[in-house]
Structures are given as C-alpha cells and as structure tokens.
Amino acid sequence: MTAITVFRYELQDLRRSRWVMGYALCLLLLTEALLRFGGGGPRAVLSLLNVALAVVPLVSIVFGTMYLYGSRNFIQLLLAQPVGRGSLFAGLYAGLAVPLAAGFLLGVGLPFAWDGAGEGPLAGPLLMLLGAGTLLTLVFTAVALLVSLLVDDRAKGLGLAILLWLTATALYDALIVLLATSFSDYPLELPLIGLTILNPIDLGRVLLLLRLDTAALMGYTGAVFERFFGSLLGTGLTVAALLLWCAGPLAAAYLRFCRKDF
Amino acid sequence: MTELAPPYPIALPCTVIEAAGISKHYGRTPVLRRIDLTVKAGRVTAILGPNGAGKSTLIRLLLGLARPDEGSVTVAGQTAGSDPSYRAGIGYMPQHPRFPENLTGREVVRLLRELRGHAVPEDDELFDAFALGPQLDKPVRSLSGGTRQKLNAAVAFMFRPNILILDEPTAGLDPVASRVLKARILSARQAGITILLVSHVLSELEDLADDVVFLLDGAVEFQGSLRRLKEITGENRLEQAVARLMQRKAS
C-alpha cells in the first residue's frame with residue numbers, strides 16, 4: 001500500500017516535470033522528423049536505435065541521479081512516517097522509472113502510430129526498439145538509484161553516473177575493439193559474445209542490428225552473432241541478461257537503502 | 001483552536017524517550033560519544049549545542065533514520081528503527097523541507113495522510129492558522145521559502161502526535177507565523193504532548209523550554225531543567241547560561 005501511494009504521487013510529480021515532458025517531446029519531434037525526412041522505415045528505426053542507445057541511458061542515469069539527490073530531504077520526511085523502508089524503496093524506484101519509460105514509449109511510439117509506419121515488416125524491429133529502450137530505462141534508473149545511495153556527495157555522484165554511462169556507451173566498446181585488433185589472429189567470436197552480454201547497451205545494439213538484417217555488414221562475426229542471438233536460447237539469454245542488469249543494481253540499491261543512515 | 005490531543009491517546013511512561021550509551025561515527029569521525037539521555041513526557045525539551053555538536057544526528061537516531069553504532073534508543077517503550085509503527089505517534093518538522101516541486105501543498109498533505117492511513121480527520125483550521133489556505137493549491141516550486149516552512153510546520157502538527165520533534169522550527173518563518181507556531185507549541189504542551197525542540201535561537205527557547213539538553217562535541221554537557229541550568233551557572237538568561245557552560249568546558 002505504501003509502495004503504491006508513493007509511486008502514485010511520484011508519478012504525479014514527474015508527469016508534470018518539465019524535464020520529463022521535454023524528453024518525451026524531443027524524442028517525438030526527432031522520430032517524426034526521421035520518419036518524414038530520413039527515408040522512413042528501417043532507416044528511421046536504425047537512426048532511432050543510435051539515439052535510443054545513447055540518449056535513453058544518459059537521460060535515465062543523469063535525471064534519475066539528480067532527482068534522487070533533490071529528493072533526499074523528502075525521503076527523510078517519508079522515512080519519519082510509520083512506513084517500512086522496503087515499501088518506500090519500491091515506490092520510489094517505480095515512480096522514477098515508469099514516467100521515464102512512458103516518456104520514451106510515447107515519444108518514439110506515437111509518431112509511428114499516427115504515421116502508420118510501424119506496421120508490416122517493421123513491426124518486429126519497432127517492438128524490439130521500444131522493448132530495448134524500456135529495458136535500458138529500467139536498468140539505468142536502477143543504476144542511478146544505486147549511485148545516489150552509495151555516494152552522498154551530489155557532484156561526485158553525478159560525476160560517477162556520467163562516467164558509468166560513458167563507459168557503457170563508448171569506453172567499453174573501445175576496449176572490445178582494442179581486444180579484437182590485438183588478438184585478431186585468434187577466433188574471438190565466442191569471447192565477444194560473452195563481452196557483449198556484459199554490457200546492456202551492447203545487448204540492445206546487437207539485438208536490433210540483427211533484427212534489421214544488417215548482420216551481413218559485420219562479416220563472419222555477424223554470422224556468429226546472428227546464429228547465437230537469433231536462436232531462441234540466445235534471445236532468452238539476452239533478455240535474461242538485460243533483466244539481470246536491472247535486478248542486480250536494484251537488489252544492491254535495495255540492500256543499501258534498508259541499511260543506510262539518512 | 002482545534003483539539004490538539006492525540007486521536008488515540010496512549011499512556012506514555014514518565015520517560016518517553018531514552019537513549020542509553022549511544023555512540024555514532026560517520027567514517028572515522030565520532031559524532032555522538034556514549035550518550036545517555038532521558039526525555040520526560042509532557043514537557044518541552046530543548047536540545048542545544050554549537051554546530052557539529054551532534055543535535056541533528058541525535059534526532060535522526062530517535063526517528064530511526066540512522067542506527068547507533070553502540071547503545072539503544074527507545075521511544076514510547078519501543079526500540080527506535082526496529083518497527084516503523086512507533087513513528088505513528090511522532091510528528092516531525094525537519095530543518096530543510098524539500099517537498100516534490102511539481103506537487104501542490106494539498107497533494108503533499110494528502111500523500112502524508114495516505115501514508116498514515118488517514119489516522120486523523122482533515123484539519124483546515126490548522127492550515128488557516130498558518131495562512132496557508134490558497135497557497136495549498138499552488139505547486140510547491142512556486143511557494144516562497146517561508147510558505148514551505150509553514151507547510152512543514154503544519155504537517156508536523158497535522159497528525160496530533162504524542163511526540164513532536166521540531167528541528168529549527170522558526171527558521172525562515174515571518175514573525176506572525178513564528179508567533180502562531182510558538183502558540184501551537186505551548187498549546188501542545190498543555191495538551192500533554194512531549195516536545196523536542198532543536199534551535200539556535202536561544203531567546204525563543206527561553207519562553208518554551210522546560211528542560212535543556214546541552215550537547216558539546218558529541219557528549220551531553222548538561223541535562224536537566226532550565227531552572228537548574230540557570231542555578232548552577234548563576235545566570236538569569238539561557239544564552240548567558242549556555243555561554244558559561246562553554247567557557248567552563250574550554251577552561
């Protein structure tokens with residue numbers, strides 16, 4: 001009951017937030033522009049993929065961290081009420097993740113819906129894009145929650161959040177490229193699959209690229225990736241890995257929230 | 001004025017808050033050092049001390065927001081922090097209220113009422129007393145600091161608690177609201193509510209406090225009635241009595 005109450009009021013707060021509205025509006029304008037002027041169809045989905053993979057985690061982690069630091073005094077006041085910490089935690093996380101995910105789904109989904117561009121062969125990749133974006137929102141909101149609970153200093157916390165985003169978006173890939181070029185004489189496909197699973201943004205990227213039949217561009221590696229990620233086991237493992245990426249930080253944040261001195 | 005007595009009055013023991021040998025460190029820094037403390041029911045107890053003396057940490061321990069490294073805190077017979085239900089009897093006014101910016105004051109009030117299971121009926125008179133009426137329907141972000149502090153004060157009194165914990169309650173309030181708050185505190189005392197008051201404004205504590213707990217460097221330097229403090233320091237004013245205590249400690 002506490003969780004639902006906190007969730008409801010936080011949702012109400014963020015629904016009116018100019019930042020969340022601006023985020024949804026920017027995605028909406030971008031999607032509409034890509035559908036109208038960017039060639040439409042698969043091209044739009046591919047362009048949106050790049051936006052989603054960079055912007056969704058960035059907005060989720062930065063906005064989430066800032067919102068939680070800003071709410072710290074109010075969380076103290078809520079904790080001074082006769083409510084359990086577990087319920088409060090659940091309400092706080094859901095109240096933060098759901099409006100951000102809704103902002104993404106509406107911003108990207110609405111133009112496809114009213115232009116009718118998400119029908120036919122594009123329905124699968126579009127659903128995958130919406131699913132990946134939603135899961136990435138859940139993952140990086142959980143990471144934001146963990147960061148804000150682990151680091152008391154707002155500036156350091158925000159710095160760590162941006163560093164984590166940068167690592168997942170760029171540094172990790174740079175490391176993989178370095179590894180691939182250094183050991184190019186060895187069969188690296190399987191280790192690369194393992195490394196891909198370790199990064200949620202890479203998971204989203206590979207899943208979508210394969211759905212858009214662009215695996216051929218990736219040569220032999222693309223074939224190996226397609227065989228793995230295209231199989232039922234691979235898809236299941238990928239979704240499981242993304243869910244684990246959400247559950248892991250969330251569980252750590254929950255334990256921290258229950259023990260933390262506020 | 002509205003009835004201030006708690007809706008379901010419970011027979012409080014004579015000592016309503018008891019801290020036994022509590023210590024608290026933040027990192028390697030000791031904030032509270034083996035503190036023993038008792039707060040008597042139905043009295044106004046002022047917690048005094050310079051910045052960094054451990055006043056806010058003590059409040060956080062009482063509310064179960066932090067846990068002591070050593071010792072135990074009991075509030076109305078229940079161990080603080082173990083079962084949140086004991087906080088149903090506490091009204092808390094934090095020093096720095098930060099309500100969600102996009103909610104209206106009325107929505108903040110509703111949220112807190114829902115969290116407490118609508119334990120008491122709505123009390124418009126309380127909000128009118130703080131001249132909050134029309135302000136309650138505006139988003140928090142558009143309210144001035146003083147209005148937010150009035151909302152903060154009203155929220156603490158709203159549930160007719162057995163224990164009131166007020167952290168720097170008059171900070172940021174205009175003189176009128178400050179006078180309303182002081183009248184509320186005195187009425188609450190008359191209704192038998194235990195009040196814990198943290199403030200730097202010693203002159204206002206002089207009119208309100210029955211007992212004084214003076215913290216210095218994380219230890220209790222004095223604990224007793226205001227009259228006793230004045231007697232042992234030979235001073236007539238609280239401000240001078242506190243200065244005398246600090247001088248003694250320094251020498």
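This is a short chat about the two chains of a predicted model and how they meet.

Q: What should I know before I start, say about numbering and how far local features count?
A: Residues are numbered from 1 along each chain as its sequence is written, while chains are lettered from A and ligands numbered from 1 in the order in which they are written. The model is predicted, and local features need pLDDT of at least 70, side-chain atom pairs count only at pLDDT 80 or more, and totals for chains, interfaces and linings use all residues.

Q: How many helices and strands does chain A have?
A: The count for chain A is 11 helices and 0 strands, where helices (H or I, at least four residues) and strands (E, at least two) are DSSP runs numbered from the N terminus. Along the sequence, chain A reads α-α-α-α-α-α-α-α-α-α-α.

Q: And chain B?
A: Chain B has 8 helices and 10 strands.

Q: What are the values for chain B?
A: Chain B, with 251 residues, has 18 Å, in agreement with a globule value near 18 Å, and its C-alpha atoms fill a box of roughly 55 × 40 × 35 Å along the principal axes.

Q: How much of each chain is buried?
A: In chain A 42% of the 262 residues count as buried, and in chain B 45% of the 251 residues do. A residue is buried if 20 or more other C-beta atoms lie within 10 Å of its own, exposed if 12 or fewer, and partly exposed in between, with C-beta atoms placed from the backbone.

Q: Which residues of H1(A) are buried, and what covers them?
A: They are Thr2(A), Thr5(A), Val6(A), Phe7(A), Tyr9(A), Glu10(A), Asp13(A) and Leu14(A). The cover includes helices H2 (18–37), H4 (72–79) and H5 (85–115) of chain A, together with helix H2 (105–115) of chain B.

Q: How many residues does each chain bring to the contact?
A: The contact takes 20 residues from chain A and 25 residues from chain B, with two residues in contact if their C-beta atoms, placed from the backbone, lie within 7 Å. On the side of chain A that touches chain B, H1 and H4 of chain A each supply at least two residues.

Q: Which residues touch the most other members of the largest nonpolar core?
A: Of its 148 residues, these are Val139(A), Ala142(A), Leu62(B), Ile165(B) and Leu197(B). Such a core is a set of buried Ala, Val, Leu, Ile, Met, Phe, Trp, Tyr and Cys residues joined through C-beta atoms within 7 Å. Helix H6 (residues 123–150) of chain A gives the most to this core, with 15 residues.

Q: Where is Arg160(B), and is it buried or exposed?
A: Arg160(B) sits in the loop between helix H4 (145–158) and strand E7 (163–167) of chain B, and it counts as buried because it has 24 C-beta neighbours inside 10 Å. Its phi is near 45 degrees, a positive value in a residue other than glycine.

Q: What about Glu168(B)?
A: Glu168(B), in the loop between E7 and helix H5 (175–190) of chain B, has a positive phi of about 50 degrees although it is not a glycine. Glu168(B) is partly exposed, with 18 other C-beta atoms within 10 Å.

Technical notes:
Rg over C-alpha atoms; globule rule 2.2 N^0.38 Å.
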